Amino acid sequence: MEVPMENNPTFIIADNQDLTRKGLYFYIKEQYENAKQIEAANKQTLIEWIEHVQQSVAVVDYARFNIQDVDEMRILLQRFPETYWLLLSDEFSDEFVRQLCTFNTNKKKKKTSGSDEIRYALRCAVSHRLFLCHEISEQLLSPVDHSAPENTLTATETEILKLIAQGKSVKEIAAIRISSYHTIVTHKKNIFRKLGVSTVFEATKYAIKAGLTDIADYCI
């Protein structure tokens, strides 16, 4: 007799941050002793495992795994309807969350969520129930800012956005600007928040449309 997923779930962990990944292993094992945990090193491996394992829970840091925008995420949801998704990120844009909330087959959790929220998110994923962490719920309830993004970026942020659009890594930008790694990370988060984007791909599209960089400068 087939064992129900609730008693013997399979989790595909797609997160390349060691601390987050090990934390997820702990919380999963704590709640589901017989759970199978599979590690995906990149997006291609993630998709291969999802194709191979039916009715799995994919726990994904979507930005770090090169899921470029909400359209690609929508395609994945439609392509793998039996997979349940628990999306993790340091920061979700308002537009990304609002669009994905039109689908009831995924969860969204920020990496700043507390232990209780993490446990509850995992249980919701296994039982195929919608979950939004408290921080994202508040984000959705807050008024939408319709001001033009180009008027909110500082000169420093604009220069950093140009470098991001040219394919420079945070480490490379820090070296170019003679700044610390953490300073550039903070600037990058502020830029993404102000532009309402969640990935480098989305930020680059904005930079090209705004004429901040030429498409020929963009490095895939």
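In the predicted model, residue I191 is located in helix α9, which spans residues 181-195. The relative accessible area of I191 is 0%, and I191 is therefore classed as buried, the cut-off for that class being under 20%. Beyond residues up to four places away in sequence, I191 is in contact with L153, E157, I160 and L161.

Among contacts with a separation of 6 or more, 65% are accounted for by residues 24 or more positions apart. The accessible surface is about 11,800 Å², and carbon and sulfur atoms contribute 51% of that area.

The packing of two further helices was examined. Two packed helices are described by the angle between their axes and the distance between the axes. Helix α1 (residues 18-31) and helix α5 (residues 115-126) have axes that come within 10 Å of each other and cross at roughly 65°. The crossing of α1 past α5 is right-handed. On the α1 side, the contact is formed by Y27, I28, E30 and Q31, and on the α5 side by S115, I118, R119, L122 and R123. By residue class, this contact comprises four nonpolar, two polar and three charged residues.

Helix α5 itself contains twelve residues and extends 17 Å from its first C-alpha to its last, close to the 16 Å expected at 1.5 Å a residue. Its buried residues are I118, A121, L122, C124, A125 and V126. Of these buried positions, I118 and L122 also take part in the contact with α1. An α-helix has 3.6 residues a turn, so residues three or four places apart point the same way.

Just after α5, H128 adopts a positive phi of about 60°. F131 and C101 are separated by 30 residues in sequence, and their C-alpha atoms lie 10.0 Å apart in space.

Definitions and conventions:
Residues numbered from 1 in each chain as written. Predicted model: local features only at pLDDT ≥ 70, side-chain atom pairs only at ≥ 80, totals over all residues. Heavy atoms only, no water. Axes fitted to C-alpha atoms, helices over the stretch in contact; angles between N-to-C directions. Helix = DSSP H or I, 4+ residues; strand = E, 2+ residues; numbered from the N terminus. Left-handed = near helix turned anticlockwise from the far one by under 90°. Contact = heavy atoms within 4.5 Å. Nonpolar A, V, L, I, M, F, W, Y, C, P; charged D, E, K, R; others polar. Expected span 1.5 Å × (residues − 1). Buried < 20%, exposed > 50% of the residue type's maximum accessible area, 1.4 Å probe, protein only. Areas by Shrake-Rupley, 256 points an atom, 1.4 Å probe, with all protein chains shown as cover.
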